[in-house]
Amino acid sequence: MDKTRKSTFAQKAAGALADTQLRDNLRFATQSLRQKRMAVFDDPEATEALRDTGSLLKAGTLTRLPELLEQLEARCTENGMTVHWAETTDEANRIVLSIMEKHGARKVVKGKSMVSEEMHFNAFMKAHGKEALETDLGEFIIQLNNEPPSHIIVPAIHKNRKQIGKIFADNIPGTTYTEDTDILLATARRVLREHYRTADMGLSGVNFAVAETGTLCLVENEGNGRMCTTVPPVHVALMGLEKVVEKLEDVPPLYRLLCGSATGQRITTYFNMIKGPRRKGEKDGPTEVHLVILDNGRSRMLGDPQLRRTLQCIRCGTCLNHCPVYTRIGGHAYDATYPGPIGSILMPQLAGLKAKGDLAFASSLCNACSDVCPVKIPIPELLRRMRNESYLKKGTGVVPGHGTKRNYLEWAVWKGWRYAHTVPLLHWAMLKTLAITGRILPKVGPLKTWSRVRTKPVFAKESLKELIRQEGIRHE
């Protein structure tokens, strides 16, 4: 493992643990989200049945993913959308940039999109002289403060209203400090409304893309997603290729799982279904709709029967709220687009084990994440897979950067341990040696504590004869 990366993560985690205000904010917010989820999923049997349905739907989709993506492209094209394919995040950024330049666009308003975070879209656009403005309230707050999101669903989960009031006062001209949430909301609404009106292009994510009908579904609570996709003349939707579902009837159970798991709601305030640009006679909506489908390593995950289960994720963030590691250090300590348990299995696969393999060790393997995952992703099992891949011999793994933690001395020690516990004679000899040397273990120094609380093995002479007899039988 890259020692600098490991040191950076350890330092960030230690800093977060020492920040009492951060820990208070995280405790309050995540506890509230857990309680809301429990209130919505109050029937264990019904919840388990719904989770089974969601898991089967996502798993079934992944087995037919290439076919469904082709169907989605065909239906979206029939509906008047333009579909683009991007293998890498750089390619996806350049596709969006080319659309902006084609229309002479200078400013894009964004609905919430984790794929855009994965692409580092805002930084890319700024480097090319474009303005990308976040309109989700949480994203808007942290963009003002030049921070990345700390949570998949609640980007500003690490801030309280006092801190938000200061951010507004420091960064929005003509704004005075206040802790009144109604005034803060009104201020954000006033600023964002003007940007909706003057933006050249709108950008959104995609929660579900229906292959059967070519429909893009957006889940939100604030109305900013609807504004971004209807007011500007051009709408660009970004999605990872795993967001496709086969039929429209597959959406309700997944939508129910997403809402309940993410925010503890039975249904969100807005559910947008987009089937193309403005048609003749319609008074609102964009004149162009573009769909950018991003791979960025997802097809590689799809090829592995175990790793593909990572792609079942519906980005609800509930695993973060229940994780004893995330709830104490927050998202920024992970230094990753996707933090928490899901990020600890997804980021090593996207960015490689050398860069992000340390995240797979930021877990107690307590199973809380898999117990609440709405689509039953076996996150602890995949965390162990990431850890194992970190130690594999070069060329024998699947995840990029596998073997980055491989140490030949450690490998030799464990190889010897294996033989010592699988060959009876060798096992007997090892224990006999330890029984003898145990008498002379130092009474002081580093082994003092270890030897004080352990009892040396005692052997009967007959045990050697029995082991020899067993060993002879094995080799007949």
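Visitor: Before we start, how are helices and strands defined and numbered here?
Guide: Helices (H or I, at least four residues) and strands (E, at least two) are DSSP runs, numbered from the N terminus. On that basis the protein chain has 23 helices and 10 strands. This is a predicted model, where local features need pLDDT of at least 70 and side-chain atom pairs count only at pLDDT 80 or more, while totals for chains, interfaces and linings use all residues. Residues are numbered from 1 along each chain as its sequence is written, and side-chain values use heavy atoms, with hydrogens and water left out.

Visitor: Thanks! What box do the C-alpha atoms fill?
Guide: Roughly 95 × 55 × 50 Å, taken along the principal axes.

Visitor: And what share of the residues counts as buried?
Guide: Of the 476 residues in the protein chain, 49% are buried. Buried means under 20% relative accessible area, exposed means over 50%, and partly exposed lies in between (1.4 Å probe, protein chains only).

Visitor: Which strands does it pair with?
Guide: Strand 4 (residues 201-204) pairs with strand 7 in the parallel sense over 3 bridges, and G202 stands opposite H235. Strand 10 (residues 288-294) also pairs with strand 7 in the parallel sense, over 7 bridges, with G240 opposite L294. Two strands count as paired if DSSP finds at least two bridges between them.

Visitor: What is the strand order in the open sheet of 4 strands?
Guide: The order is 8-5-6-9, with mixed pairing. Strand 8 (244-245) and strand 9 stand at the edges with a single partner strand each, so one side of each is left without a neighbour in the sheet. Strand 6 (residues 215-220) pairs with strand 9 in the antiparallel sense over 5 bridges, and N272 in strand 9 is the bridge partner of L218.

Visitor: Switching to aromatics: how many pairs are there?
Guide: The count comes to 5 aromatic pairs. Rings of Phe, Tyr and Trp (its six-membered ring) pair if their centres lie within 6.5 Å; planes under 30 degrees apart count as stacked, over 60 as edge-to-face and the rest as tilted. Y255 and F271 form a tilted pair, 4.5 Å centre to centre with 40° between the planes. This pair links distant parts of the chain, with Y255 in helix 12 (residues 251-263) and F271 in strand 9 (residues 270-274), 16 residues apart.

Visitor: Which rings form a cluster?
Guide: F9, Y326 and Y334 are linked into a cluster by ring pairs.

Visitor: Last topic: which residues touch the most other members in the largest nonpolar core?
Guide: L72, L291 and I377 do, in a core of 79 residues. A nonpolar core is a set of buried Ala, Val, Leu, Ile, Met, Phe, Trp, Tyr and Cys residues joined through side-chain atoms within 4.5 Å. Helix 12 gives the largest share of this core, 7 residues.

Visitor: What does L72 touch?
Guide: Not counting residues up to four places away in sequence, L72 touches A209, V210, A211, G214, M239, V244, L291 and I293. Contact here means heavy atoms within 4.5 Å.
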